Amino acid sequence: MTEWEAAAGRLRFSYHEVIEFMAAVSLVAQEKHMKEFAREVHFSLDDELLQMIDGVKACLSKHLKEEMAVFFSDNLFTGRLDYVLVQVYLGDRETLSSPEQLLACYRAKPATELVSHLAIAIYNDEKMEWMQGHDWLSIREDHGLLLRLVEAARLQDQAEHEALLEHVRYAEEYKQRTLLVLEQFHERAYLPMRDRLRELGEAGAMKYQSLFAEQPELAIREMMRSDVDLIDKETDVHISYISQVRVGIHREEQQGRSHLIILGVNNDAFAWQREDQETIERFLKVIADKRRLEMIELLHHKNYYGNELAQVLGLTPAAISYHTNMLFDLNLIHLIRVDNRIYYELDKDKVGYYWEQTKRILLP
């Protein structure tokens with residue numbers, strides 16, 4: 001058995017309804033930005049998904065949609081309520097098997113803990129040190145301390161800082177407003193498409209299980225965009241119809257708990273599409289951006305992890321995620337693990353291949 005076959009054998013493909021619920025509420029809140037990103041990478045969203053989104057929007061009140069716009073970020077690559085939800089889920093994911101259980105867990109969380117997750121999401125996006133040496137447990141349990149820290153760590157965007165401060169100051173109000181958004185979305189939007197999402201997700205899980213069994217190295221490299229070393233223990237793989245094309249990895253260092261990977265249901269089609277003229281056009285568009293070209297130049301010389309790349313380029317982690325997604329979509333970079341840290345690795349052969357294809361098309 002090869003190391004790739006062994007790694008594929010540690011993958012447990014399934015459908016995790018809680019993850020799909022979180023993906024659904026986030027996608028509907030950020031529909032405009034999802035469509036813009038899909039256009040940018042020349043990927044067509046499924047017609048059925050677009051019909052689902054239209055149906056969901058018709059079920060939600062104007063007020064609820066406005067509230068969703070308040071609590072979710074204004075683009076796909078910064079975390080707000082979606083980050084808070086993920087943190088709640090990761091803390092108890094072994095016991096949460098349904099959106100109803102997730103909502104009950106969210107309802108039981110202290111309001112200070114929820115807004116402390118929000119503060120972490122926003123300050124991480126801005127690359128700001130704001131805890132002043134205090135540990136996370138102290139902050140999440142002490143509302144007064146959290147409020148003082150947020151008051152002292154002012155964001156460059158004054159309006160954003162005032163909004164964060166308002167949420168922290170009135171933490172219980174933040175909890176009740178976000179809980180209403182989640183509960184109403186669950187009742188009005190999610191439940192009508194629940195069974196269909198499960199059907200599509202389970203079909204995707206069966207498809208991927210076969211693909212990874214038949215071609216483990218190709219599937220891990222091209223569809224998961226990862227190195228074999230990342231799959232060093234049992235790993236749950238959720239196949240998301242809502243996300244369509246996605247790679248999300250949560251490595252769990254705690255003994256006895258599995259890693260978690262999220263793959264879009266159409267990753268296979270997107271990863272293995274024919275390298276035609278449209279693909280070369282996408283490649284040229286990717287390297288035409290100064291920041292992405294700088295990333296390629298840096299990664300040509302050595303591998304970088306996310307925060308390191310952000311510091312060198314002077315970008316936020318959210319911006320790094322945005323640009324690396326563009327590189328991922330052309331399989332120009334992969335993820336590798338070195339000393340328990342995840343690094344970006346440039347596929348130099350792929351870059352060279354695209355250059356040769358570019359010359360073939362432009363200079364026949």
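In what order do the four strands of the open sheet stand? In this predicted model, the order is S1-S2-S4-S3, and the pairing is mixed. Strand S1 (11-14) and strand S3 (247-250) stand at the edges. Each has a single partner strand, so one side of each is left without a neighbour in the sheet. From one strand to the next, the twist averages 20°. Strands of a sheet pair through backbone hydrogen bonds, either parallel or antiparallel. S1 and strand S2 (residues 235-240) run parallel and are joined by four bridges. Within this part of the sheet, Leu11 stands opposite Thr235 in S2.

Helix H2 (residues 17-29) packs on the sheet. The helix touches S2 and strand S4 (259-264). The direction of H2 makes about 45° with that of S2. H2 has 13 residues. From its first C-alpha to its last, H2 reaches 18 Å, close to the 18 Å expected at 1.5 Å a residue. The helix is mostly covered, with 12 of its 13 residues buried. Among the buried residues of H2 are Glu17 and Glu20, along with Val18, Ile19, Met22 and Leu27. Ala23, Ala24, Val25, Ser26 and Val28 in H2 are buried too.

A search of the whole structure finds 11 aromatic pairs. In one of them, the ring centres of Phe21 and Tyr190 lie 5.3 Å apart. Their planes meet at 85°, so the pair is edge-to-face. The pair links distant parts of the chain. Phe21 belongs to helix H2, whereas Tyr190 belongs to helix H12 (residues 171-214), and the two are 169 residues apart.

Phe283, Tyr353, Tyr354 and Trp355 form one aromatic cluster. The charged end of Lys302 sits over the ring of Tyr304, at 4.7 Å from its centre. Arg341 lies over the face of Tyr305, and here the distance to the ring centre is 3.9 Å.

Technical notes. Residues numbered from 1 in each chain as written. Predicted model: local features only at pLDDT ≥ 70, side-chain atom pairs only at ≥ 80, totals over all residues. Heavy atoms only, no water. Pairing = 2+ DSSP bridges. Axes fitted to C-alpha atoms, helices over the stretch in contact; angles between N-to-C directions. Contact = heavy atoms within 4.5 Å. Phe/Tyr/Trp six-rings, centres within 6.5 Å; stacked < 30°, edge-to-face > 60°. Lys NZ or Arg CZ within 6 Å of the ring centre and 35° of its normal. Expected span 1.5 Å × (residues − 1). Buried < 20%, exposed > 50% of the residue type's maximum accessible area, 1.4 Å probe, protein only.
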